[in-house]
Amino acid sequence: MTPPYRVGDELPPLEIPVTRTLIVAGAIASRDYQDVHHDAASAREKGSPDIFMNILTTNGLVGRYITDHFGPTAVLRKVAIRLGAPNYPGDVLRLTGRITELRTADTSSADTSSDEVVDAVEAIEAVVQVTGGNGIGRHVTGTVAVTLPGPSAKRAGA
């Protein structure tokens, strides 16, 4: 069976409004209590015009972008990102992506919680170049490797 994806395929863009709530909630969820992510006065004292998003929130949004596109069976294998321009409240983060590599992936593994073995199945690993910009420039660049189980994927005994 031919995979539905090809090297060079562009993922549709995802636009995410950058709100104070998103910035603060992302920092709290990732246990990043640095004041520059929740206290505007402290951020200004340190030279920033406002609070700004932390890298862990950006990492999560990049992961969401990939899994929203490839679906609930997609498994993130590697996310490698680098930050540039900060994400401030009131801006919009626009994520885009392009598939740069496709290869077969070995998905054999064991479910250690139930001693159940997952059969080796043909799966595809896609490598996606991701970029994200905002009103002041490029916020994030990176690559994501994601495994996409093939149509024959099933658990042993199913």
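Here is a short chat about the layout of this predicted model.

Me: Before we start, what kind of model is this, and how are residues numbered?
Reply: It's a predicted model, where local features need pLDDT of at least 70, side-chain atom pairs count only at pLDDT 80 or more, and totals for chains, interfaces and linings use all residues. Residues are numbered from 1 along each chain as its sequence is written, and side-chain values use heavy atoms, with hydrogens and water left out.

Me: OK, how many helices and strands are there?
Reply: The chain has three helices and seven strands. Those are DSSP runs numbered from the N terminus: H or I with at least four residues for helices, E with at least two for strands.

Me: In what order do they come?
Reply: Starting at the N terminus, it goes β-α-α-α-β-β-β-β-β-β.

Me: Which strands pair with strand 7?
Reply: Strand 2 (residues 75-83) pairs with strand 7 in the antiparallel sense over eight bridges. Strand 6 also runs antiparallel to strand 7, with twelve bridges joining them. Two strands count as paired if DSSP finds at least two bridges between them.

Me: What links strand 6 to strand 7?
Reply: A hairpin, through two residues.

Me: Switching topic: how many residues are in the largest nonpolar core?
Reply: There are 27, and the ones with the most contacts inside it are Ile-66, Phe-70, Leu-95 and Val-130. Such a core is a set of buried Ala, Val, Leu, Ile, Met, Phe, Trp, Tyr and Cys residues joined through side-chain atoms within 4.5 Å.

Me: Which element gives the most to it?
Reply: Helix 3, with five residues. Elements that each supply at least two residues include strand 1 (10-17), helix 2 (40-45) and strand 3 (92-106).

Me: And what does Val-130 touch?
Reply: Not counting residues up to four places away in sequence, its contacts include Val-62, Tyr-65, Ile-66 and Leu-95, plus Val-140 and Val-144. Contact means heavy atoms within 4.5 Å.

Me: Now His-139. Where is it, and is it buried or exposed?
Reply: His-139 is in strand 7 (residues 137-149). His-139 counts as buried because its relative accessibility is 1%. The cut-offs are under 20% relative accessible area for buried, over 50% for exposed and partly exposed in between, with a 1.4 Å probe and protein chains only.

Me: Which side chain does His-139 make a polar contact with?
Reply: The side chain of Thr-58, at 2.7 Å. A polar contact is a pair of N or O atoms within 3.5 Å; within protein, one must be able to donate a hydrogen and the other to accept it, and residues adjacent in sequence count only if both atoms are side-chain atoms.

Me: Tell me about Thr-58 then.
Reply: Thr-58 sits in helix 3 and counts as buried, at 0% relative accessibility. Leaving out residues up to four places away in sequence, Thr-58 touches Met-53, Ile-81, Leu-83, His-139 and Val-140.

Me: What about Thr-57: buried or exposed?
Reply: Thr-57 is buried, with a relative accessible area of 8%. Thr-57 lies in helix 3 too (residues 55-70), and its side chain is joined to that of Asn-54 by a polar contact of 2.6 Å.
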